[in-house]
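Here is a friendly walk through one protein model. Take a moment to look at the sequence and the structure, and then read on.

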Amino acid sequence: MQLTGAQALIKSLEMEGTEVMFGLPGGAILPVYDPLIDSSIRHILVRHEQGAGHMAEGYAHATGRPGVAMVTSGPAATNIVTPLCDAYMDSIPIVVITGQVPYSVIGTDAFQECDTVGITMPVTKHNWLITDANDVPRVIREAFHVATTGRPGPVLVDMPKDVSNQMMSWHWPDAVDLPGYKPNTVGHPKQIKDAARLMGDAKRPVIYAGGGILKARAAEALKELVELTGFPVVTTLMARGAFPDDHELCLGMPGMHGNYTAVTAMQKSDLLIALGSRFDDRVTGKVDAFAAGAKIIHVDIDPAELGKVRRPDVPIVGDCRLVIEELVKAVRAEKAKREFPSLDDWHRQLRQWQVEFPLHYEQVEEGPLKPQFVIDSLRDNTPDDTIVASGVGQHQMWTSQRWKFNHPYTWVNSGGLGTMGFAVPAAIGAKVGKPERMVWAVDGDGCFQMTAQELVTASAERIPVKIAILNNAYLGMVRQWQELFYEERYSEVYLSPDLPDYVKWAEAMGCVAFRVDTPEDVVPTIEKANEVDDRPVVIDFRTDYREKVYPMVAAGSANDDIILDPAHDKHGGR
Ligand SMILES: Cc1ncc(C[n+]2csc(CCOP(=O)(O)OP(=O)(O)O)c2C)c(N)n1
């Protein structure tokens, strides 16, 4: 069968099971948009290419399947660099197709030419410039394979216009053959035995679960390991939901804004079992002072992670699910040989910290409205399996701290890159992937202004996402740092509560919109929003700008120097 390169590209995407793609056309990608008309693939027309990338990410977060985005060359390609970097930092599988000027004129500064492959090389797992239409099926197959295997991540395929128009003979490769790319998924049996032995000596163990648990679909295996060992678990910002918050051994989020018990348990532990986590600086604080007395077992599919920040005593390269399943067997065998130390004292200590240092805020009836109260109300008035997306800032930290994540793949956020503007498009992508589930985005007013125009996309496509703006009239997280570390010298952080008018703006974009100023209106308005299922809803919650995120470990400080909320600290502001 003779096809154009463009037809072959669409057919290859269909062969890979693509059901939806997010994008926006232009000159260099025009030939590919033509056969799309006859394709089974649903295309969602975004209003900015950054939106397409984050939607693809949200779709991948929620479904585990690769998200697909397609944009044109030049400024469209550069507009999608941020989502590529975001997906790279958070190991999210997305496949981005970019148009390119004709191969014959590359290098002549042709209209809308940019070196997309060069620009995106550091922020993709791999990228390809197609130079011959006959390569299209092979490259697309490889692209999906690389994006979804090993440590997942973004890939990019750059498609010159003349290659799109070139004729090729259709063929679909039976297999992928990439000699230099063979991710090691099975952990080394000796290392696994060594790990089980260390686990059998630990008196203060902590499982440090990272986003890799979710990527490896290892939540069930993790639960089995926890129930077998009685080891407590912290779930990082990227792993919220990987282990249920309502489990008695779940300590919640560690790190810069983690709760006291999760942070301190790691500090005092004698064994950290890092599963698909990467010793991020927002978790470790000052590295030299991080869990100084702990031995380390580190499991990761990416060998480059082992020893990158902290030298492990037992490094294990492998897929988290497969390694945990083997660990369960090895721990059982070890337990059959000898008794493991009692963890009663450790469990008692953890519970005491939980009672003594809970997360805390106070909502008084007459206001002002506390952001934490809004989040708690959303949490308590939505289905248990609601998917929550967030932007970046205070609202993200409060949501991660306070939501009860009892199911994997319910928390969609930008961890590594910290991309303001992520929430709205990511929520849209998640809702497209999981239309039967309720999807809320908790966004900041600053973040919302960066990508809000994608609500036009959501209205046009009838994608009923729900957005809660925690409108504190400030770039709140930056304000918090200026208050605490720059002697309250506020520099360029004030936004205004009503410029823009969020309700009018949301209505203009086809959404139902509400404004809430008082605590008593919070729950009734959430209930009204929950009833809307044919278009997006936006609620402008006017929240107290003075509220800060606590606990906090200041950047570069040791986790032992965790700052509790001075207003609620019974221990004299340690
Ligand atoms: C694209 C981008 N620009 C700048 C920053 C730095 N930054 C981090 S949080 C933040 C403030 C976010 O403000 P808002 O969306 O209102 O959320 P809040 O912290 O008030 O909850 C800024 C500017 C960033 N993370 N991303």
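The paragraphs below visit the loops, the aromatic rings and the surface in turn.

Before setting out, note that this is a predicted model, in which local features need pLDDT of at least 70 and side-chain atom pairs count only at pLDDT 80 or more, while totals for chains, interfaces and linings use all residues. Residues are numbered from 1 along each chain as its sequence is written, and side-chain values use heavy atoms, with hydrogens and water left out.

Let us begin with the loop between α21 and α22 (502–508), where P500 lies. Helices (H or I, at least four residues) and strands (E, at least two) are DSSP runs, numbered from the N terminus. Most residues other than glycine have a negative phi, and most peptide bonds are trans. Yet a cis peptide bond joins L499 and P500, with omega about 5°. E487 is in this loop too, and its phi is positive, near 50°. S496 also lies in the loop between α21 and α22, and its phi is about 85°, although S496 is not a glycine.

Now step back into helix α21 (residues 476–485), which holds both W481 and F485, four residues apart, about one turn of the helix. W481 is partly exposed at 25%, and F485 is partly exposed at 35%. The structure holds 15 aromatic pairs, and ring pairs also link Y260, W346, W353 and F357 into a cluster.

Finally, visit the loop between α15 (344–356) and α16 (371–380), where E365 lies. E365 is exposed, with a relative accessible area of 73%. P368 is in the loop between α15 and α16 as well, and the peptide bond from G367 to P368 is cis, with omega near 0°.

How values were computed:
Buried < 20%, exposed > 50% of the residue type's maximum accessible area, 1.4 Å probe, protein only. Phe/Tyr/Trp six-rings, centres within 6.5 Å; stacked < 30°, edge-to-face > 60°.
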